[in-house]
Amino acid sequence: MLDAPGRVDLSQIVKAYDVRGLVGSQLTVDAARALGGAFATLVAGEAKVVVVAHDMRDSSPELSAAFADGATAAGLDVVMAGLGSTDLLYFASGVLELPGAMFTASHNPARYNGIKMCLAGAVPLSLDSGLAQIRDGAQAVLDGAPAPEADVPGTVSERNLLGDYAAYLRSLVDLSGIRPLRVVVDAGNGMAGYTVPAVFDGLPLQVDELYFELDGSFPNHEANPLEPANLVDLQAEVRRTGADIGLAFDGDADRCFVIDERGEAVSPSAITALVASRELAKAPGATILYNLITSRAVPELVTALGGNPVRTRVGHSFIKAEMARTGAVFGGEHSAHYYFEDFFRADTGMLAALHVLAALGGQQGPLSGLVAEYARYAASGEINSEVADVPGRVAAVREWAAAHDADVDDMDGVTVSLPDGNWFNVRASNTEPLLRLNVEAADAAQMAQLRDEILALIRS
């Protein structure tokens, strides 16, 4: 059993868009059961069935089963999809038109688990659109209120959707005519070790597998490719084998990072621009979304290709809502989340990977040359600083901007655009006393100078 004594406080683990907490103390079997009942109560008006999947963490089967218990007790039927990536759950929710729940803590360490919930059609849930109601309903049950109980409980069935998921993705991108490619894939002992073989089966790819064994203890490295240290093994293997490309997935395989033939990391902004160019070739004049820490090369390229670039806040719920509002065909984030209208407006690293493979295999040059036009500027990447007085440091950044005759945008944190075209964004974390800095400039020297100056200001 995963339960531990003591009151579970769901306000500590129900975040803005999902549930994430320590197994056994914050996220228990009883909590999962209560959340299942509350989720069923929320969606009962629109659906009588929900779909549930889980990742490879040791706690995931028991927690997802408890969630299903809560949902069936409340009267809903549950389709248990078993092992899956987060984008496989989004596929299931989209193609079956069912609300869904995915048990995963993504790239978090092994002692964590969580739940990503969505409405039918992979429509995201946030605190503003139902997650707070689920939290409060479940908390009431944990504190002694009766759990939701239907006169006739629901049933549980099992359905393996891996083959359907793989076929759907391959129907969206044609790789049948590409030149043969050698690909190194680092699954990080996460769910890509389960999904990549199914999706890549039959394609003209020679795949070298790194850490495909499903292991929620992450024995080789954390399943978080955003950290450069977790890319080192993949980079070395690409160089050793002479591969054309390397792909790294996070724990729940909804994000994909790309390594070129030299073993160098390709900026997610460059991948956003590359995929945007392919989507605009299919849908001339379409809207492309990019978040505000993405390289300015993205809107420049989209505009040059006749598309309509629209800037958004950071975060999947904002991007998915903006996709629905604008009818955008594609959206990219600098964190390597990629969103597709033809994938239920959901994020899928696997579909982005297929687009990159199609683009690379459709011409004869190396990946580094292919993406060179999309990597026009020097970027710092996201730098986190622990700050005691977050409002005070943000105010200092505003004063600095005013003294440098810079434009200030308050869409998400503070974005400062300088007269020379260089810019930076400072955003506060929602959950920690951190400020996050992203800097972009015309070249590496200018970027480093601006980065160091603003870091000194933030950390003073």
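Author: Happy to! Rings of Phe, Tyr and Trp (its six-membered ring) pair if their centres lie within 6.5 Å; planes under 30 degrees apart count as stacked, over 60 as edge-to-face and the rest as tilted. Please keep in mind that this is a predicted model, in which local features need pLDDT of at least 70 and side-chain atom pairs count only at pLDDT 80 or more, while totals for chains, interfaces and linings use all residues. Numbering runs from 1 along each chain as its sequence is written, and side-chain values use heavy atoms, with hydrogens and water left out.

By the ring rule there are 11 aromatic pairs. In one of them, tyrosine 17 and phenylalanine 318 have ring centres 6.2 Å apart and planes at 85 degrees, so this pair is edge-to-face. Tyrosine 17 sits in the segment before strand E1 (19–22) and phenylalanine 318 in helix H10 (residues 316–326), so the pair ties together parts that are 301 residues apart in sequence. Helices (H or I, at least four residues) and strands (E, at least two) are DSSP runs, numbered from the N terminus. Tyrosine 17 counts as partly exposed, at 22% relative accessibility, and phenylalanine 318 counts as partly exposed at 27%. Another pair is phenylalanine 39 with phenylalanine 67: the ring centres are 5.7 Å apart and the planes at 45 degrees, so the pair is tilted. Since phenylalanine 39 belongs to helix H1 (residues 29–43) and phenylalanine 67 to helix H2 (residues 60–73), the pair ties together parts that are 28 residues apart in sequence. At 0% relative accessibility, phenylalanine 39 counts as buried, and phenylalanine 67 counts as buried at 0% too. Here buried means under 20% relative accessible area, exposed over 50%, and partly exposed in between (1.4 Å probe, protein chains only).

E10 runs parallel to strand E8 (residues 181–186), joined by four bridges (strands pair if DSSP finds at least two bridges between them). Valine 185 stands opposite leucine 247 in E10. Strand E11 (residues 256–259) runs antiparallel to E10, again with four bridges, and phenylalanine 257 in E11 stands opposite alanine 248. Six residues lie between the strands of the E10 and E11 hairpin, and there alanine 253 takes a positive phi near 60 degrees.

On a 1 Å grid over the protein atoms alone, a cavity is a set of points where a 1.4 Å probe fits but cannot get out, and a pocket is an open set with protein on both sides within 12 Å along at least five of seven lines; lining residues have an atom within 4 Å of a point. Grid points are joined across faces, edges and corners, and a volume is the space filled by probe spheres set on the points. Searching the whole structure gives two cavities of 30 Å³ or more. The second largest cavity holds about 30 Å³, and its lining includes Ala248 and Phe249. The largest cavity has a volume of about 60 Å³; among the residues lining this cavity are His334, Trp423 and Glu440. Strand E23 (residues 434–441) gives the most to that lining, with three residues.

Trp423 turns up again at the second largest pocket: of its 14 lining residues, Arg296, Arg311, Thr415, Ser417 and Trp423 lie nearest the centre. The elements giving two or more residues to this lining are E13 and strand E21 (414–417). The space in this pocket is about 200 Å³. Finally, E13 (residues 287–291) pairs with strand E14 (residues 308–312) in the parallel sense over five bridges, and isoleucine 288 has proline 309 in E14 as its bridge partner.
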